[in-house]
Amino acid sequence: MYPLFESVCIENSQIKNEQYHEARFRASYMQQYKTHPTYSLFDGIHLTNLDKALKYKLRIGYKQHGTRFSISEYENSIPTSLQLVNDDTISYAVKRNNRKKLNNLFKQRGHCDDVLIVKNGFITDATYSNILLTDGKHIVTPSTPLLEGTCRARLLDENKVTEKRITEADLQQFESFQLINALNDFDDTRWISIKNIHR
């Protein structure tokens, strides 16, 4: 059983955001096992026979004493409509294989592609992605995410986005949004109207 995992993007036969995945792995390992890992997340992984024209998903499951991984072709699959749902008890600060609560919330999406989760009055994440919002001038991401994604962390470090506490009522201040995760990076051409977030 490998209770924790990382989903990593491979493009041009290169691992993207490697240092951010390694950092999150180390923090998650410490939270789970109360000690530092004795191995690296990417130990034993060799990228061979990959088509540089394709994007791949590298999934690394890990436990206290080892990892297992798989590589599969990946096609962008990004939700474009979101249903707001509330859950004040949900917690997903570490990427766990047990996603039962998230899956139950996803079932409440109705006719939308995904849900946008509100916890204690504040916007958090979609089920597989962090969210970015823009008013046409500035790009922000909620300071209350369920999971601090690797793409989100890099964008913050690069000062391309800023954090802000965002309530459901605050959404009307924005023009558009986009979802980001390890497999779907920020793209300035991918903004979606805020009207696609449904209450």
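**Leucine 146 and its setting**

Trainee: Where does L146 lie?

Mentor: This is a predicted model, in which local features need pLDDT of at least 70, side-chain atom pairs count only at pLDDT 80 or more, and totals for chains, interfaces and linings use all residues. Residues are numbered from 1 along each chain as its sequence is written, and side-chain values use heavy atoms, with hydrogens and water left out. Helices (H or I, at least four residues) and strands (E, at least two) are DSSP runs, numbered from the N terminus. L146 lies in the loop between β9 (139–142) and α3 (150–157).

Trainee: Is L146 buried or exposed?

Mentor: Buried means under 20% relative accessible area, exposed over 50%, and partly exposed in between (1.4 Å probe, protein chains only). The relative accessible area of L146 is 10%, so L146 is buried.

Trainee: Which residues does L146 touch, not counting residues up to four places away in sequence?

Mentor: A contact means heavy atoms within 4.5 Å. With residues up to four places away in sequence left out, L146 touches I90, Y92, A93, L102, I117, K119, T124 and D125.

Trainee: What separates the C-alpha atoms of L146 and D157?

Mentor: These two residues are 11 residues apart along the chain. Their C-alpha atoms are separated by 19 Å.

Trainee: What percentage of the residues in the protein is buried?

Mentor: The protein has 199 residues. Of these, the buried share is 48%.

Trainee: How many helices and strands are there in the protein?

Mentor: The count covers the protein, including β9 and α3 on either side of the loop that holds L146. There are three helices and 13 strands.
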